[in-house]
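Morning, everyone. Please have a look at it first.

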Amino acid sequence: MRGLVAVLLAVITGMFCSFVTYLPEIGDVNNAPNQHVTPSYISRSVEDTGSPNVVTGVIIDYRGFDTMWETGVMFLAGLTTVLLLTSNKVGRRPEEEPEDPEEGEVIK
Amino acid sequence: MRQGFGGIVLSTAFRLLVPFSIVYGVYILCFGEYSPGGGFQAGALLAVGVLLSRMILGEDAKFNVSGKNSVVLAGVGTFIYTFVGWVTLFGGGKFLEYDFMPIVMEPKHEMHAMAIFIIEIGVTMCVMMTIINLMDSIIKRGDDDGSIE
């Protein structure tokens, strides 16, 4: 079973590596996004978004929904880390028992 | 770390550094539309200002956000962003369609610029308070263990 999984993984990796070479080159003029989307963003972003910076216009106006969830993901990640770090039970040593039973208040 | 660890040298040096980083953070926030920058970078710079002043002066620092306030404000920052989306939705447009902001300005791209600025304030608040939160919780953990005095 493990051998089968290894062979499958090897085949998938080989296919991935061989198919990557058929991807279009970065910055190719004949590529589909460079034909329509990028020129229209560059030419229209100032009158559409009112921002002279194209990057700001794209990430907050055209792609605002994406940035909203980026902010949400970051807030949730920070909140989770704070909850884990300030909780009393994760990753701490247990409290030491009092050695003398007469000094401890609870005696069973 | 209720008391800071700054001596006279550190206090004098950070008295120069802290206002510079805060002013630069506000500049990056306000000029994010015109130059490279924006909410995320401005939040990081403002958080650096708060954390440096807290490290030097301890809890007595003037420019300080501490305790549960920072957690609440991080949520408020995220809420501001989503709230702009809901405002445009109730104004008759789609979610985050800035043509339908309640503030009427002519020409229309001025409304877009206003919405972008409000959103960047929200992003800045979220990033700044998240960084302060992380530092706060680590410091608190060290205080409770007694390993860092």
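Let me begin with a definition: the expected span of a helix is 1.5 Å times one less than its number of residues. Keep in mind that this is a predicted model.

Now take helix α1 of chain B, residues 8-30. It has 23 residues, so it should span 33 Å. The C-alpha atoms at its ends are 34 Å apart, which agrees.

Over to chain A. Its secondary structure comes to five helices and zero strands. Of its 108 residues, 19% count as buried. Its accessible surface is about 8,900 Å², and 64% of that belongs to carbon and sulfur atoms.

Next, the contact between the chains. Chain B brings 33 residues and chain A brings 31 residues. Together they bury about 2,500 Å², with 68% of it on carbon and sulfur atoms. Phe40(B), Tyr81(B) and Arg141(B) supply 23% of the area that chain B buries against chain A, more than any other three residues.

Leaving aside residues up to four places away in sequence, Thr130(B) touches Met74(A), Phe75(A), Gly78(A) and Ala74(B). Buried or exposed, then, is Thr130(B)? Buried means under 20% relative accessible area. Thr130(B) has 7%, so it counts as buried.

Last topic: charges. Side chains of opposite charge can pair when their charged atoms come close.

One joins Asp48(A) and Arg44(A), at 3.1 Å from N to O. Both lie in helix α3 of chain A, four residues apart, about one turn of the helix. Asp48(A) is partly exposed at 27%, and Arg44(A) is partly exposed at 41%.

Arg54(B) and Asp136(B) form a salt bridge as well, with their closest N and O atoms 2.7 Å apart. Arg54(B) is in helix α2 of chain B and Asp136(B) in helix α4, so the pair ties together parts that are 82 residues apart in sequence. Arg54(B) is buried, at 3% relative accessibility. Asp136(B) is buried too, at 16%.

That's my tour. Thanks.

Technical notes
Residues are numbered from 1 along each chain as its sequence is written. Chains are lettered from A and ligands numbered from 1 in the order in which they are written. This is a predicted model: local features need pLDDT of at least 70, side-chain atom pairs count only at pLDDT 80 or more; totals for chains, interfaces and linings use all residues. Side-chain values use heavy atoms; hydrogens and water are left out. Buried means under 20% relative accessible area, exposed over 50%, partly exposed in between (1.4 Å probe, protein chains only). Contact means heavy atoms within 4.5 Å. Helices (H or I, at least four residues) and strands (E, at least two) are DSSP runs, numbered from the N terminus. Accessible areas come from the Shrake-Rupley method with a 1.4 Å probe; for residues, only the protein chains shown count as cover. Buried area is the accessible area (1.4 Å probe) that two parts lose on being put together, summed over both. A salt bridge is a side-chain nitrogen of Lys or Arg within 4 Å of a carboxyl oxygen of Asp or Glu.
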